[in-house]
Structures are given as C-alpha cells and as structure tokens.
Amino acid sequence: MTSADELGLVLAEAAVKATGAVGGYAGGVYLRSETEGLLRLAVLVGLPGELMRPWWRMHVNRPFPVAECYRTSEPIHLADGEEAMRRFPQLMAGLPFPFGSLYVPAETGAEKFGVLVALRPATPGHPVEQPDRDRMRQAGLRLGAALAQLERDGTPVTWRAEPLVVQTPEAAARPLRIGTFDWDLSTGNLDADEEFCAILGVLPDEFPGRIEALTARVVPEDVYQLWVVAREAAQDGRPVVRRLRLQRKDGPPSLLELAGRPVHPPGGGVGARRLTGSLIDLGSGAIASEAVADRLPDGLFSLDRSARITYVNRTGEKLLGRARAELIGRVLWDAVPWMNRPAYEDYYRASLLSDDPVRFQVNRGRQDWVSVSLFPGHHGVTGTIAVTERPDCTPAPVSRPGAGLGIFTSPADRATALYRPVALAIALTEAVTARQVSAVVTEELLPAFGGRQLALYVLHERHLYLAWETGFPAGFLEPFEGVGLDARLPGVETLTTGRPIFFESMEQLASAYPGIPLDASVGARAFLPLIASGRPVGSCILGFDQPRGFAPEERTVLTALAGLIAQALERARRYDTEAALARGLQDALLPHRLPVIENVETVGRYLPGTQGMDVGGDWYDVIETGRGLDLVIGDVQGHGVSAAAIMGQLRSAVRAFALAGLDPAEVVSGTNRLLSDLDPTHFATCCYVRLDPATGDAQAVRAGHPQPLIRRPDGTTEVLDLAGGLILGVDSAETYPVSDLSIKPGEVLALFTDGLIERPGRDIDVGIEQLRSNLARSGPATVADTADRLIRDARRSTDRPDDIALLLTARWAGSGTDRTLGGPAAA
C-alpha cells in the first residue's frame, strides 16, 4: 500500500463514519492542496463525483461554509436551507435544495489540514442537536490526529488529484444466511444443518427432521413450489431453483431461495430419490416478483447514491432505449445519452441532496418527450418514466445544430444555466480589492460557461493594461499591453463601442481582424466591454478550447455580468486608492522605531483588519522617561478616520503626561479625562506599564484592557492578574489602581489588543489560552521571531474583523547575555 492509498483510506473512513454518526446520507473531506489558500475535495461519500465537480475546489477566502470553517477553525451547523440561505447565500445559489449540513475542522494544534463535511436531511425549525454536534466534533478531532500521525510518518497531507468517490455501507442490510439440507423425496425425511434451522427459527435439537417442518413455515401459496421442486428433480434429474416466502412471527415474510441438486441412484437413471442443496435467506427486501413491476404501464428504475442503475423494469427498458444488461450497474446519464445534459444536473443533485420528489420533462429527440419523476430515499432514488406530450411552455431550440452549447429548452434549463452567474453576482458584491474581483471572476465565470482562458484589462489614461490573466500561453498577451484606444483590436473596440463581440471560432476572429496575433487554440472568443455607470473601465476576454456558438440568452447574461464586473472593479480601484491613503495615515500615527535601552528589548507588531477600508484605533508605544521605560498599548472603540484621530490624540496625551513626570495612575486618569472632554461617544481601553530597566520592578495600570501575559525563562507562561478600572471615556472622575510586578532577566511581558484573541463565535478565554500556549512554546527564538510567530495565523487570515497590536518586552541580565528565549519549541 502506498502512502497516497493510506491517506485516502484514512480520509474515506473518517468521512463514512462521520456521515453515519449524524444520520447523514452524504459527506466528504476537503484537504489543503499544494496551492496556498486552495482546498480540494479529497473524498466524496454518497454522491456522484462528476455531478459535484463545480465544488471540487474551494478557496479559503470564499463565503462558503467549508472555507469559513477552515479559516476560523470553528464548526458550522446548518439545520436546513433557510438557515444556509441566511448565512451562506452563495452556497444556496448553487445548491438551492432543502438539506442540512455540518462542517468541522480537521486540525491539531496550530496545524490545519482541512474540513470534514456531512450532509443530511433538513430539520426545519429545529437546530442541529448537541449530541450530533459533539459526534461531528469528535470525528474532526480524530481525523486531525490521524492526519498529524501520517505527516509525522512521512506522508504529505495534501491533495492534488480528483476526489475519491465512496459509498456509504447500508447498515440496515441483513447478513446473508445459507443453510444446507438433504431431502429424501421418497420418505420426506429432511436432514438440515444449524444455519438451515436458524433460518426457520427453530433450535437444531427441536427440528423434527421432516419436510413438513419447512412447509409449515412457508406461506400457503408457495407450498406448491416445494412439490414442484420434488417432482422436477425426480423426473428430469436437473438442478432446480425456486423462490419461496417464509412466514415469520415477528415481522413481514422473508424471501428464501431454494437451490437443489438431485442425487441420482446408483447405476444411473434419470429419476432421483434425494435432493441436496441450500436454503438462502434473502431478507425482507424484494418479496414481489420482478414480473409485478414488469406489468406496470410506466417505466420503473432505481439508482444507488452514486446514480448507478440497480433495477429497471420492462417498460423502463423500452422507454430508456436500452436492455437491462446495458443499464444495470451504469450511471444513469452515462447509460442514456439523452439524459446527459447540463440542464438536468440540478434535478439529479436535488434528488440526491433533498427528500422532496423531483419531476421534469426530457426531450428524447424529434418532439419525443417523456416525464421523469425521482423519489429520493436515504440509500438511493426510485424513478419513474412515462411518455408525455411536448410542454406548451417550451420554445423551439434557439441554436442550429453545431452552433454551440447555448440551448435552453425549458425554464428549468434556464435556471440551471443561470445559477452559476447568480453565484458570481453574489460573490462580486463581497469582493473588495481588485485582486479579489479578478479571482472571483476566474473561479465563477469560467466554470459557468465552460471557458478556459480569461484576461481582464483596465483603462488608464486612454490605454489598456493587463490586470489579470489565466490560461493564455506565456508571453502571448505582451504585445497587447498598454495599447491605445485607437488600436484596431477586438478588446479595444468592444470598449469604445460598448458592444460585446463574439467569435464562434478562431477562423472567424482571424477573418474579422486580419493579422491579429493568435495562439494555438482553435476555440471561440468573447470580448466584453467593462462599463460602470456609463464610464469605461476596461475589457474582459473569455477564451474557449473548442469552437462553439453563443445563444442569445448567453450573450445577454455575459453582457449583464460584464456590467457587474465593471462596477466591482471600479469600486475595488476606489477602495485600493482610499485604503492606501488610510493605511498611510494610520502608519504615520504609530511609532516607526522603538527606543533601544540597555538590558531591555522591545518589539511591536501591528496588523490592520481586513473587513472594510476603515482604519482602526489600536496603538502601542514605548516612551523613555527619566523615571523608567513606559510601555503602552491601547484600543479605541470602533473604526474609521475618527477612531484613528482619537487614537492619535490619546497617544500624544499619554506621551505628554509621561514626559511631564506624572506617575502611572495619573497618566491614565489624565488620559481618561481628556477622552471624556474630547468625544463622549468614543471609548478606549489601555494598559500602561512603567518598568525600571535596572531592577525589573514595574508598576502597571489597566483600564478595561485584556490582562497581559508573562513568560518565564523555562517557558512557563501565565496570565497576570492586574487590578483595573473602567475603560477610558466612561467616567471622567474614575481613579485607577496600580499593581506592582517584577520582570526578571530572561522573562518576557506581552501586551496585546483583543483582535489577537477574539474570533466570532469563540469565547475570549479560549483565545487567551491559545495565545498563552503559543507564547509558552515559542522558544528557542529571538523576541522578534516570537512576535512574528504569535501573529502568524492572523497574518495569513484574509478575514480579520479587527486590528491587532502586540508589544513584547524582554529583560536581559547584561549586554553579553544570549538574547534567545529558552523553554520548549513549538510543535
């Protein structure tokens, strides 16, 4: 077994067990890939792989539950479609079905591997119960531990291939039981083994050894079959097989299969006096004969959860146009080509993801229509098919044969074709930067229309410049960089005329623009103008691998989406400009360098929030005074320029009070009074520490701020318990107590703002404990490396709702001392 096989087995086992533990019918595991920020679907349980292809890849910055679970390391429980729509509208745009879903991270410590997913029937009005939440969480912890062990053993825990598709075992299936017998046809004596007796429900010691013991338990209508078996064996001397129904006291009849082989008399002869064979208990599933289903006027078929055909009746054979031998065991849309259309994919997904019946009509060609109904169940789908009339609401095809892929034959087809553009529209409203807009277009627009190449050009001073591209040969787009608006190129003319330009093949493009550089592709091209509120923004180019037509509906949708892309790019460009100005203002308000003091080392770090373009009010400072070294950290409530302005004023006030010789309590009290006078609508927290570098003695004052941490030389780290007063700005008459502490050589004091320890949906104590644990395991390392490690996860996150400020202060014994933190290293 290879390491890849072992990884797949671990993932598949975890997904199957978790799905079963919460009563689910499908599930899977998303695993990190070799591409930064990209998760791949590694295992898919209980669903066809191709049907879920649009969800094989998941970027961690997307507004989907899998991505959020991975980013935040928090479980997500969605009871039904309504709750999912409220929290994750983009998920429901692609999968608009009533189902419940649970997501838990697969991780250990600070190591993130992926996300474990389970899908199950919706429970409208009832949240996911706590026992199921606990089972799912435990499954995620077990998977994280197993993946960590694989990585320690040398197996890379990343995924690069297509997902492994596995099926859930049917827990309700009864084990097959086979008993053997020897029947003396002339005397009626019956010798049977223990399993035969068990099938009949009698103890071996109580079995009378007569054929009547069997006939007494077979339903009356089937007793005749037993005598037919005896007669045929005696006369023809050939093996016989018959199905019988066994009556049970505690439930419905069970289906038995009696297989007998005649024992010929010595010396030959045709007749037989004995019959030996087996009695097979097939359970209580298919009691009815297949002939019953064959007599139905409608077609009947069944699918397992991988959409493979497990049964089809005679009428179904005729309507599907294939014999049973050609249908059984094959995926429905692979076995029946006219069922394999993108328009029907949503129906198949609906039947496998929800409990509601699904009905739709299918054109078999030449106005030959059938109606299909799918009835979902936990372990598969039962379907019916019948001849029907052509729907009145269905227009004639809008594309001639060979013209392309844009054929919409019903409202359902349109809904299926449009849901990916709807997802794009939702995603564009959430993209903030120009890079995010470009990434969203790549991830949503290309798959929606089957494209393989994308280029986005933006207009600047009457010239077009490439902002984003994917799929084009290296260097191919260089000649088009910086072209003016007078160039005769389709990417320019689509913008100057405001009209989209479509070419169904590269031959058409070359004919319309002789001499234009072409790549090796033979496919189609679409050039879309990006215009926002009447203002030209740029151009969008879509490339396809094969020639294709563009139906009117597709052209309309692409043109509308181009307008949305233009609006998003214009908004993003304003954001990038304003955000750069805001960050510059904020950077000017923070210290550019910290004082260098003998025996003391200070390191500060600041990370802005990523939600919105507003600057925050977090700050830190180190002030060298004649009475010691003053360490300050604070957080002004809210965001925006006003919060930053207040922060700048408070920082200036603290410095002025400190340099004026006030003691720590007076510095904080004076700052409190100043804030109350400046703006009664703003509040702030603060922690102020005055340190004597020579002795390590310190006095601390805390105004509603999180408690600092202190790390000992051996790595032991604890949360300090400093007395505190109200946050600044609440009561101008508030007095603040002073706490005494001592920082010994080799110890590190950590001051931080709440952005480092708070996460949505998580108790703040959990965040403090995680920070304490990370600081304890930070050695051996320099103070600067320790600061970087403490904010590493936050720096990687693209979803920081708050700013983060961190100030580390280490005290050393002397100038020649090794300035490396001791204690245990991080795992």
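Predicted model: local features only at pLDDT ≥ 70, side-chain atom pairs only at ≥ 80, totals over all residues.

Tutor: Residues are numbered from 1 along each chain as its sequence is written, and side-chain values use heavy atoms, with hydrogens and water left out.

Student: How many disulfides does the structure hold?

Tutor: A disulfide is a covalent bond between the sulfur atoms of two cysteines. Here it is counted as a pair of cysteine sulfur atoms within 2.5 Å. By that count, the number of disulfides in the structure is zero.

Student: Is Cys69 buried or exposed?

Tutor: Buried means under 20% relative accessible area, exposed over 50%, and partly exposed in between, with a 1.4 Å probe and protein chains only. Cys197, at 1% relative accessibility, counts as buried. Cys69 has 0% relative accessibility, so Cys69 is buried.

Student: How many salt bridges does the structure hold?

Tutor: Side chains of opposite charge can pair when their charged atoms come close. The criterion for a salt bridge is a side-chain nitrogen of Lys or Arg within 4 Å of a carboxyl oxygen of Asp or Glu. The number of salt bridges in the structure is 26.

Student: What is the relative accessibility of Glu50, the salt-bridge partner of Arg53?

Tutor: The closest N and O atoms of Arg53 and Glu50 are 2.7 Å apart. Arg53 is partly exposed, with a relative accessible area of 38%. Glu50 also counts as partly exposed, and its relative accessibility is 48%.

Student: In the salt bridge of Glu317 with Arg324, is Glu317 buried or exposed?

Tutor: The closest N and O atoms of this pair are 3.2 Å apart. Arg324 has 21% relative accessibility, so Arg324 counts as partly exposed. At 19%, Glu317 is buried.

Student: How many residues apart are Arg712 and Glu747?

Tutor: Arg712 and Glu747 form a salt bridge, with closest N and O atoms 3.0 Å apart. Helices (H or I, at least four residues) and strands (E, at least two) are DSSP runs, numbered from the N terminus. Arg712 is in the loop between β29 (709–711) and β30 (717–719), and Glu747 is in the loop between β32 (739–742) and β33 (748–752). The pair links distant parts of the chain, and its residues are 35 residues apart.

Student: Which residues does Phe360 touch, not counting residues up to four places away in sequence?

Tutor: Contact means heavy atoms within 4.5 Å. Apart from residues up to four places away in sequence, Phe360 touches Tyr344, Tyr347, Tyr348, Val370, Ser371, Val372 and Leu374.

Student: Which residue in β28 is the bridge partner of Arg690?

Tutor: Two strands pair if DSSP finds at least two bridges between them. Strand β27 (residues 684–691) and β28 run antiparallel and are joined by five bridges. In their hairpin, with five residues between the strands, Gly696 takes a positive phi near 85°. The β28 partner of Arg690 is Gln699.

Student: Which residue in β31 stands opposite Arg702?

Tutor: Strand β28 (residues 697–703) has five of its seven residues buried. β28 runs antiparallel to β32, joined by four bridges, and pairs in the parallel sense with β31 (residues 724–725) over two bridges. In β31, the residue opposite Arg702 is Gly724.

Student: Is Thr786 buried or exposed?

Tutor: Thr786 lies in helix α22 (residues 783–790). Leaving aside neighbours within four places in sequence, Thr786 is in contact with Leu775, Ser778, Ala781, Leu808 and Leu821. With a relative accessible area of 1%, Thr786 is buried.
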